[in-house]
Amino acid sequence: MKIPLQLITIDKDGFHLMVHARINGLKANVLIDTGATRSVFDKNRVEYYLGDIALKKFDKFFTGIGATRIETFATIIPSITFGNYTLEKTEMVIIDMAMINKSYAVFDLPRIDMVLGGDILLRLGAMIDYQNRLLLINPL
C-alpha cells in the first residue's frame, strides 16, 4: 500500500516527513521519526480524538533527545488508519508535545498530533520511498 508523504521543510538543509492518518475517524498529522523507539501521542489532543478517557501513568523510563525525563501516560487508541489499513486497539504512550508544536507554529508548520516511531513502523512493515515521497506499508 502506498501512502503519500508530505515533506516539511525546516530550513534550507533539513526536513521532516509527515503522513496523514485518521485516529478514530478524525484526520491527524503524524510526524514520522525513524529514530524513535516508540510512537507517541500528544496529551493536548487526547480529548479531541478520544473523548474524556482516563490515562494511566506509564511507568517505563522515557526520554526525548537528551537525558531529560518526560512525564508519560499510556492509553489504548481504538483505531489508527493509514491509507486503507487500520491498526486497532493500539497501546500508545502519551506525552505533552506543546513545546514541539510551539516550535512548529513559529515556522508556520502544521501541528503534530502523533509521532510515528519504530514500534508501529515495524508493525506496518513500513518503508520510506524518499524519491516518490511515499510511505510503503506491508503489514506484518
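Buried means under 20% relative accessible area, exposed over 50%, and partly exposed in between (1.4 Å probe, protein chains only). This is a predicted model, in which local features need pLDDT of at least 70 and side-chain atom pairs count only at pLDDT 80 or more, while totals for chains, interfaces and linings use all residues. Residues are numbered from 1 along each chain as its sequence is written, and side-chain values use heavy atoms, with hydrogens and water left out.

**View A. Lys57 and Glu71 form a salt bridge.** The N to O distance is 3.5 Å; a salt bridge is a side-chain nitrogen of Lys or Arg within 4 Å of a carboxyl oxygen of Asp or Glu. Lys57 is in strand 5 (residues 56-57) and Glu71 in the loop between strand 5 and strand 6, 14 residues apart. Helices (H or I, at least four residues) and strands (E, at least two) are DSSP runs, numbered from the N terminus. Lys57 has 47% relative accessibility and is therefore partly exposed.

**View B. Asp113 and Arg45 form a salt bridge at 2.8 Å, N to O.** Asp113 lies in the loop between helix 2 (98-106) and strand 8, and Arg45 in the loop between strand 4 and helix 1, so the pair ties together parts that are 68 residues apart in sequence. Both Asp113 and Arg45 are buried.

**View C. Arg38, Glu91 and Asp119 are linked in a network of salt bridges.** The side chains of Arg38 and Glu91 meet at 3.8 Å, N to O. Glu91 is in strand 7 and Arg38 in the loop between strand 3 and strand 4 (40-42), 53 residues apart. Glu91 is partly exposed, with a relative accessible area of 34%.

**View D. Strand 3 (residues 26-32) is mostly covered, with five of its seven residues buried.** Strand 3 pairs with strand 2 (residues 14-23) in the antiparallel sense over seven bridges, and Val19 has Val30 as its bridge partner. Strand 3 also pairs with strand 8 (residues 114-116), in the parallel sense over three bridges; here Ile32 is partnered by Leu116. Two strands pair if DSSP finds at least two bridges between them.

**View E. Ser79 is found in strand 6 (residues 73-82).** Ser79 has a relative accessible area of 18% and is therefore buried. Leaving aside neighbours within four places in sequence, Ser79 is in contact (heavy atoms within 4.5 Å) with Arg22, Ile23, Asn24, Gly25, Thr86 and Leu87. Among these, Asn24 is in the turn of the hairpin formed by strand 2 and strand 3, with a positive phi of about 50 degrees.
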